[in-house]
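Q: Could we go through this structure together, beginning with the strands?

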Amino acid sequence: MAATTRQGCRWLRIWAACAGFALAAQAFAADPQPYRVTLVPTGDADLDGAIADSSLLIGLRERAPVGPFALVTRADADKTRFLKVLNGLGHYDPTIQVRIAGHVSDDPALLMRLEDLPADPPARVEITIDPGPLYRLGVVELRGSVPATARAAFTLQPGDPARAAAVLAAGQSVLGTLLEEGFALATLSEPDAVVDHAARTLDILYLAEPGPRLGLGAVEVIGLDRLREDAVQRRLGLTLGEPFSPSRLETARRDLLAAGALAWARLTPASAPDEQGRLPLRLEVAERPLRSLRLGGAYSSDIGGSLTSSWTHRNLFGRAEQLALGAEVGELTANRPDELGYLTTATLRLPDFWRRDLNLRFDLGATREFLDAYDRDAANAAISLERRFSNEWSGRAGLGLDVSRVTQDGVTQDYRLLSLPASVLHDSTDDPLDPVRGIRLAVQLIPTGALDGAGQGFVLGRATGSAYLDLSNLRQSGPQTVDRSGRRILAARLALGSIVGTEADAVPPDWRFYSGGGGSVRGYPFQSIGPETLSGQPAGGDGLLETALELRQRFGANWGLAGFLDAGAISANGLPGAETLAVGFGLGLRYYTPIGPVRVDVATPLTQRDGIAPAQLYIGIGQAF
C-alpha cells in the first residue's frame, strides 16, 4: 500500500508540474503588461546609479515588454542582481523589496492581480532598498614568498570599505607586479573571503606563488607568407634572455604591427620554461594584402574641387618596405580646363635601416598649380632618415632639392634650391582622422640655399600644435547613464612660422607663408590673408600666426555638428601681432564613417573686404585639424 501511495504521489507531482508549465506558458503568451518603475533613493547617488544600471526592470522596460508572469520573474531576478551589486559595494545586510501594483513580488496573489489590471495606466513598480551598514575589511593577508615590490602593491588595509572592486584590484596589482618583475609563471588564488555579520567585517586572504624569475627564450613565428622572418624578429626587438615583462611584450607586438605589413599579431608565452630555463614565445601573425588603392576628393568654394588617389605596396622586397605612389588633380571647377593643377608623388621607405626604428626614405614629386598668389611648375627630390624615439615622439632629417619656375604678378623666376629639412613630431592622440583626446606637435626647421645664385639663403621655421579634450568623458550616475565618451570634443590649434635670413620679397613665392582657406582660416578664400602685390594678388610673407577653436558634438550613431572660430595673420616683417588677425567663424556638419568623418563646413569672415564672398563652403574627409 505504501508503494502504491508513493506511486500516486509521484503521478500527482508530475501532473502538478505539467499544470504549472501550462500556466507559465499561458502567462508568457499573455499580452504585455505596461509598467513604470520608481527607484526610491537610498541617499547615495553612486549606489542608486549602480542599482539602476543592473536592473532588468529598468533596462528592459521599453525594449522587451512582457506579460504578468514574466514581469514577476523579472522582479525576482532583479532582487538577486541588486544583492550582488550591494555586496560588491560593501553592503552585506541589505533589505530589498520590489512591489508591483502594491504587492510584494513574492505575494502569491500578485499574478492574479496583474492579470486583472488594465493596460492603461501602467502598473506601478516600486524598488525600495535599505543598503544597511557598510561593512569594512577585517583581517587582510597576502601569503607567499613574494618580493617587497609585489607586497607593496597589496594596498588593502583593515578598516577600508569592503568593496569587491578594491579587493580584486589589489590582487590584480600583486599579480601584475610579479609578472613585470619577471615571475612569468606566477599565480594568485581567488580571494578567500569570510563575512562576519556580528562584527560587520570582511576578512580577505590571498595565496601567491611567484615561481622562478625567467628570461625570454626563442620566438617561434607562425603565419608568415611573403614577409621574411628575420625582418619580423628585428622589428620585435626582443633579445634572448632579457627579463620577462608583459608590458615589454605588448610594446614589441605593437611595434611589429606599426610596420604596416601585418593585419594582426598575437604573442603568447609558453606555459613552462625550456631546457635553458628561458620562457619560449609563440608569435602568430597574418599579413595584410600587399597592395592597396585609395581614392578621395574635396571641394571648397574658393579653389574648387580636387580628386586624389594613392597606390601602396606594403612589402616590396620582403622586409616591409613600402612604396607609395600618389596623384592629385586640383582646381577642377575654379579655373579653365587648360589650367588644371596636378601633384604626383613617389615615396619609398626602407624600415629598420642600419638599426631598429631608423628608416631610410626617398621622395620624388612633380607639381603644377595655378593659384591666385602664383603659378608654379616644380620638381623635387629628397632623401631623409626617420627615427622613432618612442610611441609618441619621432624625428626626421635629410637633404632636399627643389627645381621650380614661379610666376607672381607677371614676373617669372627660376629657382634651384638645396635644403636641409629637419623636424620633430609628437603625437599622443588616439585617432589620426578624428582624435578625441591627446596632443599633436610638429616643429620644423629648414635651412635653404640657392644653387645658381638666384635669390638668397634663408631659414624657415614653423611650429604647429593641436590639442583635443573630451568634455563628455564624465560619468553621470542615474538610471539614464550611458557611455558618452567622445561625444563632445573641444579642439584647439595654434601655428607659428617665421623666415629669417633675407627679406620677405627675396624668398621664393612658393616658400612664403600664406593663410586663408579650409586648412587654415575658414571664411576667407585660399591664401587671401596678408600682404598683396601691386595687382592686388596675395604676396605672402615671412611671418605666420594662426589659431582655431572648434567644439564638436555628436548626436545619434553617425551624425555630428561643429562650431568653430578661426583666426590668422601674415606679416612681411616678422611674426604678426594679434591686432592684425583676420577672424572667421562658422558651423559644420559631420557624418562619421569607418574611415573618418565626412566634413561639410560653412564659414563667414568677421571682417568683410572687397572681393571676398560672404560665405565659403568646404567639403572633405577628416576633421579640419
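Q: Which residue is the bridge partner of Gly-497 in S24?
A: Leu-544 is the bridge partner of Gly-497 in S24. This is a predicted model, in which local features need pLDDT of at least 70 and side-chain atom pairs count only at pLDDT 80 or more, whereas totals for chains, interfaces and linings use all residues. Residues are numbered from 1 along each chain as its sequence is written, and side-chain values use heavy atoms, with hydrogens and water left out.

Q: How many bridges pair S23 and S24?
A: Eleven bridges pair strand S23 (residues 488-500) with strand S24 (residues 543-555) in the antiparallel sense. Strands are DSSP runs of E of at least two residues, helices are runs of H or I of at least four, and both are numbered from the N terminus. Two strands pair if DSSP finds at least two bridges between them.

Q: And what joins S24 to S25?
A: S24 and strand S25 (residues 559-571) run antiparallel and are joined by 13 bridges. Thr-547 stands opposite Ala-567 in S25. The two strands S24 and S25 form a hairpin with three residues between them, and Gly-556 in the turn has a positive phi of about 70°.

Q: Where does the charged end of Arg-554 sit?
A: The charged end of Arg-554 sits over the ring of Tyr-592, 3.9 Å from its centre. The criterion is NZ of Lys or CZ of Arg within 6 Å of the ring centre and within 35 degrees of the ring normal. The charged end of Arg-552 sits over the ring of Phe-625, 5.3 Å from its centre.

Q: Changing topic: is Asp-78 buried or exposed?
A: Asp-78 is buried, with a relative accessible area of 0%. Buried means under 20% relative accessible area, exposed over 50%, and partly exposed in between, with a 1.4 Å probe and protein chains only. Asp-78 is placed in helix H4 (residues 68-88).

Q: Which residues is Asp-78 in contact with, neighbours within four places in sequence aside?
A: Asp-78 is in contact (heavy atoms within 4.5 Å) with Ser-54, Ser-55, Leu-56 and Leu-57. A polar atom of the Asp-78 side chain lies 2.7 Å from the backbone nitrogen of Leu-56.

Q: Last topic: which residues form the covered face of S28?
A: Gln-616, Tyr-618 and Gly-620 form the covered face of strand S28 (residues 616-621), while Leu-617, Ile-619 and Ile-621 form the uncovered one. In a regular strand the side chains alternate between the two faces of the sheet.

Technical notes:
A polar contact is a pair of N or O atoms within 3.5 Å; within protein, one must be able to donate a hydrogen and the other to accept it, and residues adjacent in sequence count only if both atoms are side-chain atoms.
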